[in-house]
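Me: I have a model open and would like to learn how to read its features. Could you take me through it?

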Amino acid sequence: MSDYAVLGDLLVIYAVSTAVVFVFHQFRLPSIAGFLVAGALIGPHGLHLIPDVSQVQVLAEIGIVLLLFTIGMEFSSAHFAAARRILMVAAPVQTGGVLVLALLGALAVGLSYQQGIFWGFLLSLSSTAIVLKALSEQGESDSFHGRATVAILIFQDLAVVPMMLVTPILGTPSGSAMGTVLMTLVKAAIVVGLIVAAAWYLVPRLLRHIVRSRSRELFLLSIIVLCLGIAWLTSLGGLSLALGAFIAGLVISESEYSHQALAEVLPFRDSFNSLFFVSIGVLMDIRVVLEHPFIVLGLLLAVIVGKLVTGSGAMVAAGAPPRSSVLVGVALAQVGEFSFILAQQGQDAGLFTGDQYQLFLAVSVLTMVVTPFLMQWSPDLGRRIEAMQRVRGWMPTRTAAHVEQMEGSQIRIKDHVIIVGYGLNGRNLARVLSETEIPHVALDLDGETVRREARHGVPIYYGDGSNANVLRHMKIDDAKVLVVALSDPFTARRTVKVAKGLNSKLHIVVRTRYLRELEELHQLGADDVVPEEFETSIEIFALVLRTYSLPQEFVARKAEQIRREGYALLRRSEMPELAHHLRGGTLTDVEVETCRIDDEAPAVGKSLTELSIRPRTGASVIAWTRSQVTQSNPSETVRLQAGDVVTLLGSRDQIRRAMALLTEPNHGTSHQLK
C-alpha cells in the first residue's frame, strides 16, 4: 500500500497556513509572520500535528533553491553597474559592521572567537524574501532607498558563498584538518568553475532551440531542469544546492529569455517558500522564549538596534541622505533566511552549545515578525531624523534626488510604452517611437525575432505579455501606454485584464480583428481598440474614391472623419448606431455621381462658368470625361458637348438639383427666368 504521509503533512501545512494567514490578513498583518506562526502551531513543540519534519524540510530546501535561482536571474552586470557605489561601499560596511559587533558581543559573554565570527555570519544576513515583499507592498521597490536595500541584499546573498565555505573551518579544531578542508574547497571550486563555464556556453544555445518550439510547457520544464540540474552538479563538487541554483540563475540572467524564465518560476518559488517559513516556525520551541524571556528580548533589541545602526551608518558612509539611510537600516534589521541554512551547518560543526540554537531560532523568527511593522513606521522615523539633521546641521543637506543625480543613469524607465507583440504593427510602432525619442520596450515570444532585433539595438525581451511578473519587469507601474499588437484574441484579452489590474492609470491600446470583440475588450480595461475589420472598411472606400480620381486631400479628410466619428461610437459601444452610421449616415452626406450630357440637354454648348453649378445647386464638378479621356478639376471655361460625362460631388439633394440643371430643359429655363 502506498505511503501518503507526506501528502497528509502537506495538507495539514497548507490548511493551517491558509487559516492563520487569512486571520493575519484580516488584521493587516504580514503573511510571512502568519506562516511562521502556523509552523509553530503544527510542529512538535506546538500541537504536534507533524511529528516528523524531515520531509517538510526537504521541500522547504527546494524553496530556498528556487529563491536563490530567481535572485541569480535578477542579478546581472547591469544591476551591478547601476548600484556599484552601494555594493562597493555601503554593503561591505554594513555586513562587516554587524560581524564586528557580533564578535565583540560574543567575546564579552565568554564565547570563543570562532563562535563569535559564526554569530557574526548569522546576524549579518537579512531576509531577502521579507524585505522584497514589504517593499513591493508599499510601492517602494524603485525608490532610492528601495534600490539601495536590494543592492545590499544582493551583496549579502553573494556573501553567503564564502560564509558557507568558512563555517566548516571554524568548527575544525586542528590545523591539519583545516588544511584538508581547504584542499577539498579548492577542488570543489575547480569543479564548480568547470560546470559554470560549460553552462555558460551550453545554456543559451539550448534555450534557443527550446524557444523555437514555441511550447511554454517545454520552456518551463527546461528552466526547472537547468535550475535543479546545475544545483545538483555543484552539490557534487562539495557546495550547497542553494549556491548551485544561484549560479544557474546567474547563467540565465544574461540571456534574452531571463524575464520569461523568471515569470514562469515565480509561482513555484512562492509556493515552496511558504513551506520554508512554515518549516522555520516548526523548528522554533516556544518554551525557550518562556524560559528565557529577558535573554530573548535583550538579543532581539540588540539585533534590531545593531543592524539599524550599521545599515544607516553604511548608507551615510556611501553618501546617502539621512532619511534614506534610516529607511535602509530599518529594512535590514532582521535575520535572513540563509542564516537558518548556516545555523544548521554550524550546528553540525559544533559551533552551538546548549540552548544557543533555539535562542537563535527564537530571536531570528521574532525579528522577521516585527520587520514589516518596523518598515511601516520607518518613514516617520526617517522624517524625524531628517528634520533633526537640518536643525543641527550634522552634515551637508542632501536628498535622494541629489544622490540619484550623482549616481548617473537610473535603473528604471519611466513614462514609457510597452509593446506586446513584435509583428508588423509592433515593429512599425517601435520604429516611430524611436524616431520621436519616446522610451519604449517590446515583448515577444518568438525567440529568433527577439535575438535578431536585440542585436540591432531594439529594446525587446522574450516574454509573455499576459504574465503579471513579466509586465512587472517591464516596469508597468511606471509605464504610460501599453499596446497589445497580438493576433491571438485570448492572449490579448488576458493581457488587457492583467495589465489594468497592475496599473489602473495605464492607457491601453489593443489591436483586434473583429468588431464583435470591442465591447469585451473595453470592459476588461482597454481604452482604445483598433479593429482591423473597421479599418479595412475605411481603406476600401478610400480606394474606391481614388478610383474615381477624387482629390487625395478630400479622400484623406473623409477617411479621418469616418475614423473619428466611428471610433467615438465604438468607445460608447454603440454598435447598432455605428452600423447605421456607416450605411446611411456619413457616407450619404457626401456622394459621388456621374451625369451624361445627351443631345437635348440644356447644358450642351455652355461653359461651366455659364452654368454656375456650385452657386445654384451646392454640388461641385470634380471630373469631366470626353472621348474616354477623363480630366479632374476641369477648367471653368470648358464647354460641354453631347456625350460628355460630368462627375458631381455633393449631398444627395445637391446632386439631384445639379443633374436636373444639366439634363432637364424646363429646369434650366425656369431657373434662368428666375
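Me: How many aromatic pairs does a search of the whole structure find?

Reply: Rings of Phe, Tyr and Trp (its six-membered ring) pair if their centres lie within 6.5 Å; planes under 30 degrees apart count as stacked, over 60 as edge-to-face and the rest as tilted. Here the search finds six such pairs. W119 and F352 form an edge-to-face pair, because their planes meet at 85 degrees, with ring centres 5.7 Å apart. W119 belongs to helix α6 (residues 113-124) and F352 to the loop between α16 (337-348) and α17 (356-392), so the pair ties together parts 233 residues apart in sequence. Helices here are DSSP runs of H or I, at least four residues, and strands are runs of E, at least two, numbered from the N terminus. Ring pairs also link F118, W119, F340, F352, Y357 and F360 into a cluster.

Me: Is W119 buried or exposed?

Reply: Buried means under 20% relative accessible area, exposed over 50%, and partly exposed in between (1.4 Å probe, protein chains only). W119 is buried at 14%, and F352 is buried at 12%.

Me: What is the strand order of the open sheet?

Reply: Strands of a sheet pair through backbone hydrogen bonds, either parallel or antiparallel. DSSP must find at least two bridges between two strands for them to pair. The six strands of this open sheet run β3-β2-β1-β4-β5-β6, with parallel pairing. Its edge strands, β3 (460-462) and β6 (528-531), each pair on one side only. Four bridges join β5 (residues 507-512) to β6, and T512 has P531 as its bridge partner in β6.

Me: What should I keep in mind about the values?

Reply: This is a predicted model, where local features need pLDDT of at least 70, side-chain atom pairs count only at pLDDT 80 or more, and totals for chains, interfaces and linings use all residues. Residues are numbered from 1 along each chain as its sequence is written, and side-chain values use heavy atoms, leaving out hydrogens and water.
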